[in-house]
Amino acid sequence: MLELLKNIIQLDRAMDLLEEVIVVNNDSSDDYTAVKEYIAASTPFPFYYFDAPGNLGVSRGRNYALAKGKAPICIMLDDDAVMQNKDCLVKLAQAFEQQSTERPIAVVSFKVLYYDTLQMQVNAFPHKNFDDYHTKNYFETYYYAGGAHAIRRSVMQAVGGYPEDFFYGMEEYDLGYRLLDAGYAIVYSDAAVMLHKESPLGRKPKKEKLLEMWYNKSKVAWRYLPKRYFYSTAIMWSFNFLKETGFNIRLFLKGWRMVAGIPRNEQRKAINAEALLYLRNVKARLWY
């Protein structure tokens, strides 16, 4: 986190373009003393530090941070990262000002490289057809990297923030489908490049987090997509859960009980025909 704060201060026109930088300690067990001291010594740079009232999870944590600010463009960054290009703020401002799509742009998803190797991080790339898209500098897409994107505050106010019932995983899909349904576009641009300190070998989520990802992805499909995609998502993610957990049958059965209850407990809010056409045009992967 401390390296990220130092990195932010050094970005081109940071004092002009950054209205506020919100730092939230989401009930971390790490010592934030050095971070708080750096913020206190960085006046008049607009750093603001907050301790969340407990571990709010990803979605509620983001909503908590968003409620502390008022800037029209909100940049979401993982705390274990830095920005590579010093002109990223200037280029992001231009990306939102220059309309390049038929729909108004709601989200710009960044290029993400591994901090140590500078290889592209595939699981942070906002399209499942990586082979066909990874060499593109810019394209419209259907989801975005949760810890490496910029989003208009006004569109979140129009469609609602991140889903409060999601603790971990898939919240970007939930908000993304609502944005598309409201007539907005999501784009990828390499105008902003984030260096992520995650190992290229990846971090294997704990089995409980994999369970929540399976459940949340199925919930998103039920809420917003034609029903056939709910069933295919539930089945394909159940196979993935078995594979990634070494056939943990106890949690597998628990997961199916949770997923089976979705149609009974969740109201459908299917996206409109225009948004479905958008998904087809950007070659979205919807089956799982």
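Predicted model: local features only at pLDDT ≥ 70, side-chain atom pairs only at ≥ 80, totals over all residues.

**Rings**

I started with Y133 and F139, and both are buried (buried means under 20% relative accessible area, exposed over 50%, partly exposed in between, with a 1.4 Å probe and protein chains only). Residues are numbered from 1 along each chain as its sequence is written, and side-chain values use heavy atoms, with hydrogens and water left out.

How many aromatic pairs does the ring rule give? I get 18 aromatic pairs, where rings of Phe, Tyr and Trp (its six-membered ring) pair if their centres lie within 6.5 Å, and planes under 30 degrees apart count as stacked, over 60 as edge-to-face and the rest as tilted. For Y133 and F139 the ring centres are 4.9 Å apart and the planes stand at 65°, so I log that pair as edge-to-face.

F139 also pairs with Y188, and this pair is stacked, with 4.9 Å centre to centre and 25° between the planes. F139 sits in strand 6 (residues 138–141) and Y188 in strand 8 (residues 185–196), so the pair ties together parts 49 residues apart in sequence. Strands here are DSSP runs of E, at least two residues, and helices are runs of H or I, at least four, numbered from the N terminus. I checked burial again: F139 and Y188 are both buried.

**Charges over rings**

Next I looked for charges over rings (NZ of Lys or CZ of Arg within 6 Å of the ring centre and within 35 degrees of the ring normal). K197 has its charged end over the ring of Y115, 5.2 Å from the centre. K209 does likewise over the ring of Y168, at 4.5 Å from the centre.

**Salt bridges**

I searched the whole structure and got 17 salt bridges, each being a side-chain nitrogen of Lys or Arg within 4 Å of a carboxyl oxygen of Asp or Glu.

K197 shows up again here, in a salt bridge with E3 whose closest N and O atoms are 2.4 Å apart. That pair links distant parts of the chain: K197 is in the loop between strand 8 and helix 9 (207–224), E3 is in helix 1, and they are 194 residues apart. K197 is partly exposed at 35% relative accessible area, and E3 is partly exposed at 35% too.

R153 and E20 meet in a salt bridge at 4.0 Å, N to O. R153 is in helix 7 (residues 153–159) and E20 in the loop between helix 2 and strand 1 (21–25), 133 residues apart. I have both R153 and E20 down as buried.

E266 bridges to K219, with the closest N and O atoms 3.9 Å apart. E266 lies in the loop between helix 12 (262–265) and helix 13, K219 in helix 9, 47 residues apart. Is K219 buried or exposed? K219 counts as buried, at 3% relative accessibility, and E266 is buried at 18%. Tracing the bridges on, I get a network of D165, D174, R178, K219, R223 and E266.

**Helix 8**

Just after helix 8, G183 takes a positive phi of about 100°.

Reminder: most residues other than glycine have a negative phi, and most peptide bonds are trans.

Which peptide bond did I flag as cis? The one from T43 to P44, with omega near 10°. P44 is in the loop between helix 3 (33–41) and strand 2 (47–51).

R13 isn't a glycine, yet has a positive phi of about 55°. I place R13 in the loop between helix 1 (2–9) and helix 2 (14–17), partly exposed at 48% relative accessible area.

K283 isn't a glycine either, and its phi is positive at about 60°. K283 is in the segment after helix 13 (273–281) and is exposed, at 55%.
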